[in-house]
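Subject: Structure handover

Hello,

Here is the structure I said I would pass on. My notes on what was found in it follow below.

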Amino acid sequence: MPHLKKYFYYTVFAFFFLGMVVQAQQLARTADRHNYTSGALIQDKLQVKWRFQTKGQVYSSPVLYADKVIIGSCDSNLYALNKADGSVLWKYKTGGEVRATAAVDQQVVYFLSADGHFYALDVHTGKQLWTFKTEGEKTYDIWDYFQSSAAVESGIVYFGSGDGHIYALDAKNGKEIWKYKTAGIVHASPTVTAHEILIGSFDGYFYCLEKNGDLRWKFKTIGEHYFPKGEVQFHAVAADSSVYFGARDFNSYALKIKDGTGHWVYHQPGSWISVPSLAGKQLLLTMSDSYSVLALDKVYGGKLYEPRIPLNTFSSASITDSAAYFGALDGVLYKLDLSKGTVSSVFQTTSSKLNRSNFFDEKR
């Protein structure tokens, strides 16, 4: 489990490479959570183009849509910022913290708030189009940082809820199409393929649902001494016929999407597995407590390399042809060279520079 309370900064940063990123529509760019941009050119040392101060902590990831950066804050607002200069184009106030990453489809923004409502807004104006009331949000424990980020596919919005359900709503009007009840809080974000919805729950199960909401299979994680349920907190990534996800039982799992049988399990002693990302034949895993990023062979689960990181990492890696980028709790954006397996720093926040000496002895 994380040894330090997770700290985030209230400032949203934009770097010069933002304009080079392929237009994103949801968490990890696509509904199957492939966080990949082909051939993106990013400088090794980045400079701040602008920054925007919210009145709360920022846990959600920014989504780019046309000229807008859309991001939620714990000040209960969803913001649409001008991508060029960071000015506010519009903001929408909810009744609770916004820790979920928004999704954008057909000029509509979809997101969940801690007030237990799911919202659909006009992406250009921020005007509310519809809302859907769940049975209520709640937090699992002090390490439950995120709300479920929606996936939008073929006119249907999928998301998980603190009420234990996985929901499917009509994207046009917010009417419930179906909901599936698990035995725990669902703050993982759904991964959607052509035929399945794949998502984990704090009950320690990973679920594969048909597009009509019927259960195809569910898989029970192994569990661990201090976390016997083996809670699944973060989203999975799917490719070809396999799905990959991590759990609080210190294991990463690779399962067959067809029937939930196993390809392999990788155990990382003493650390939750955070978020998986795919880079060709490599499966990249960020870690909560081993202070590292781990690369595995995606077919057999063998360890390829594991460079060290100073603190916990809960973000997914953003993948290009030759590198992966991810942030850690030390306030640094890192670059992982996919061919060498080496890590370098490309940006450090101002708060990190000011407070780093409180956590690290740079002379050691």
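This is a predicted model: local features need pLDDT of at least 70, side-chain atom pairs count only at pLDDT 80 or more; totals for chains, interfaces and linings use all residues.

**The strands around E28**

How many residues of strand E28 are buried? Four of the five residues of this strand (residues 323-327) are, so E28 is largely enclosed by the rest of the structure.

**The largest nonpolar core**

The largest nonpolar core has 16 residues. Those that touch the most other members are Tyr110, Phe118, Trp130, Phe132, Val157, Phe159 and Leu169. Two or more core residues come from each of strand E8 (108-112), strand E9 (117-122), strand E10 (128-133), strand E12 (156-160) and strand E13 (165-170). E8 is the biggest contributor, with three residues. As general background, nonpolar side chains tend to be buried together in soluble globular proteins.

Leaving aside residues up to four places away in sequence, Leu169 touches Phe118, Trp130, Phe132, Gly155, Ile156, Val157, Phe159, Gly174, Lys175, Glu176 and Ile177.

**Aromatic residues**

Tyr110, Phe118, Trp130, Phe132, Phe159 and Tyr167 form one aromatic cluster. Across the structure there are 27 aromatic pairs. One of them is Phe206 with Phe245, a stacked pair with 4.1 Å from centre to centre and 5 degrees between the planes. Phe206 is in strand E17 (residues 205-210) and Phe245 is in strand E20 (residues 242-246), so this pair ties together parts that are 39 residues apart in sequence. Phe206 is buried, at a relative accessible area of 0%, and Phe245 also counts as buried, at 0% relative accessibility.

Two charged residues lie over the faces of tyrosine rings. Arg99 lies over Tyr59, at 4.1 Å from the ring centre. Lys220 lies over Tyr205, at 5.8 Å from the ring centre.

**The sheet that holds E20**

E20 is part of an open sheet of four strands, ordered E19-E20-E21-E22, with antiparallel pairing. Which strands stand at the edges? They are strand E19 (237-239) and strand E22 (262-267); each has a single partner strand, so one side of each is left without a neighbour in the sheet. Neighbouring strands in this sheet are turned against each other by 15 degrees on average, direction ignored.

Within the sheet, E20 and strand E21 (residues 251-256) run antiparallel and are joined by five bridges. Val243 stands opposite Leu255 in E21.

**Two loop residues with positive phi**

Ser154 has a phi near 55 degrees, a positive value in a residue other than glycine. Ser154 sits in the loop between strand E11 (151-153) and E12. Is Ser154 buried or exposed? Ser154 is exposed, with a relative accessible area of 65%.

Tyr291 is another residue other than glycine with a positive phi, near 55 degrees. Its loop lies between strand E24 (282-287) and strand E25 (293-297). Tyr291 counts as buried because its relative accessibility is 19%, and the cut-off for buried is under 20%.

**Lys45**

Lys45 is in the loop between strand E1 (11-15) and strand E2 (48-53). With a relative accessible area of 57%, Lys45 is exposed. Leaving aside residues up to four places away in sequence, Lys45 touches Ser345 and Val346. Glu176, listed above as a contact of Leu169, is 131 residues from Lys45 along the chain, and the C-alpha atoms of Lys45 and Glu176 are separated by 46 Å.

Regards

Notes:
Residues are numbered from 1 along each chain as its sequence is written. Side-chain values use heavy atoms; hydrogens and water are left out. A nonpolar core is a set of buried Ala, Val, Leu, Ile, Met, Phe, Trp, Tyr and Cys residues joined through side-chain atoms within 4.5 Å. Buried means under 20% relative accessible area, exposed over 50%, partly exposed in between (1.4 Å probe, protein chains only). Contact means heavy atoms within 4.5 Å. Rings of Phe, Tyr and Trp (its six-membered ring) pair if their centres lie within 6.5 Å; planes under 30 degrees apart count as stacked, over 60 as edge-to-face and the rest as tilted. A charge sits over a ring if NZ of Lys or CZ of Arg is within 6 Å of the ring centre and within 35 degrees of the ring normal. Two strands pair if DSSP finds at least two bridges between them. Axes are lines fitted to C-alpha atoms, for helices over the stretch in contact, and angles run from 0 to 180 degrees between N-to-C directions.
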